[in-house]
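This report covers the packing of nonpolar residues and the placement of charged side chains. It begins with one term used below.

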Amino acid sequence: MKSRPLSETDFATAGSELEIPTPEDQRYERKFTPETCSARQVAALLKMHPAMFRTAFADRYVNNIYLDTMDASCYRDHIDGSARRAKFRIRWYGDLNQASAKPTFEIKQRAGLVGSKLRFKLPDLDTRSDIDEKRIRGLLSEARIHVGIASRVASMRCALGNRYRRSYLLSADGAFRMTIDHELEFFSPAIGSRAGVVIRDPSLIIEMKYRREHDSDAEAITARLPFRVSRFSKYCAGVQQLSAQGLG
């Protein structure tokens, strides 16, 4: 099954539990993957930038379970560099193991450099026991997801679990947000985060995010950064590393 990006009709009929993206919510995203800097060094560099980036709020851990079609069309779209592509994931913040995590189901769409998200609230989830496909399907079945989207998701499988620590910085004018992702880990949700193999990845990923109206100022921001814009998908990296371990 091909996982096509969602249409405006999908947005309009997705149900009351959905945060519907508007044109104002659509953001440009640029990624950087420095190889020789630590997260602390990157944060220090950004705070010396002329845009005067400052810590927006405290670091936190981001936990994700990614879904994909049986023929891995989401993965292949990213590998092939398709201009329009989507990622489907369940996300919660803080400790991986919680008695009452508050997850959301997200569909992140991308058209070129522009991204947007659909978000559904999900019931609370006890993540202290293994996170497997049966539990994920049960969780999604309890959510108020529009039938058109739910039918597409129902045939997907749990493809990857990952988590990382994220730092948040914001420019003085509030127009540009930088996130620094580090302490990256991958695991197979089909096995479970506690019972399965956890793969640690030393990669550090910086993302610069801003609204369309600030695109003309973005070059001035990136020109003063000692990093080059690059492509890096945490989802694709995780799938590849699990496959190398015979877990894909």
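A polar contact is a pair of N or O atoms within 3.5 Å; within protein, one must be able to donate a hydrogen and the other to accept it. In this predicted model, the side chain of Arg 85 reaches the backbone oxygen of Ser 82 at 2.6 Å. Arg 85 belongs to strand β4. Arg 85 is buried but has no salt bridge, and the nearest side chain of opposite charge, Asp 77, is 7.7 Å away.

The structure contains 18 salt bridges. Three of them are listed here.

| Pair | Closest N to O distance |
|---|---|
| Glu 29 and Arg 27 | 3.7 Å |

Arg 27 is partly exposed, at 21%. Arg 119 of strand β6 and Glu 106 of strand β5 are 13 residues apart; Arg 119 is partly exposed at 28%, whereas Glu 106 is buried at 2%. Elsewhere, Arg 166, Asp 181, Glu 207, Lys 209 and Lys 234 are linked in a salt-bridge network.

The largest nonpolar core has 26 residues, and Ile 65, Phe 88 and Leu 140 are among those with the most contacts inside it. Elements giving two or more residues to this core include β3, β5 and α4, while β4 gives the most, with four. Leu 140 touches Leu 67, Ile 90 and Phe 105, among others. A second, separate core of 22 residues includes Val 42 and Tyr 210.

Conventions: Residues numbered from 1 in each chain as written. Predicted model: local features only at pLDDT ≥ 70, side-chain atom pairs only at ≥ 80, totals over all residues. Heavy atoms only, no water. Core = buried A, V, L, I, M, F, W, Y, C linked by side-chain atoms within 4.5 Å. Buried < 20%, exposed > 50% of the residue type's maximum accessible area, 1.4 Å probe, protein only. Contact = heavy atoms within 4.5 Å. Lys, Arg positive; Asp, Glu negative; His and termini not counted. Salt bridge = Lys/Arg side-chain N within 4 Å of Asp/Glu carboxyl O. Lists of a residue's contacts leave out its neighbours within four places in sequence.
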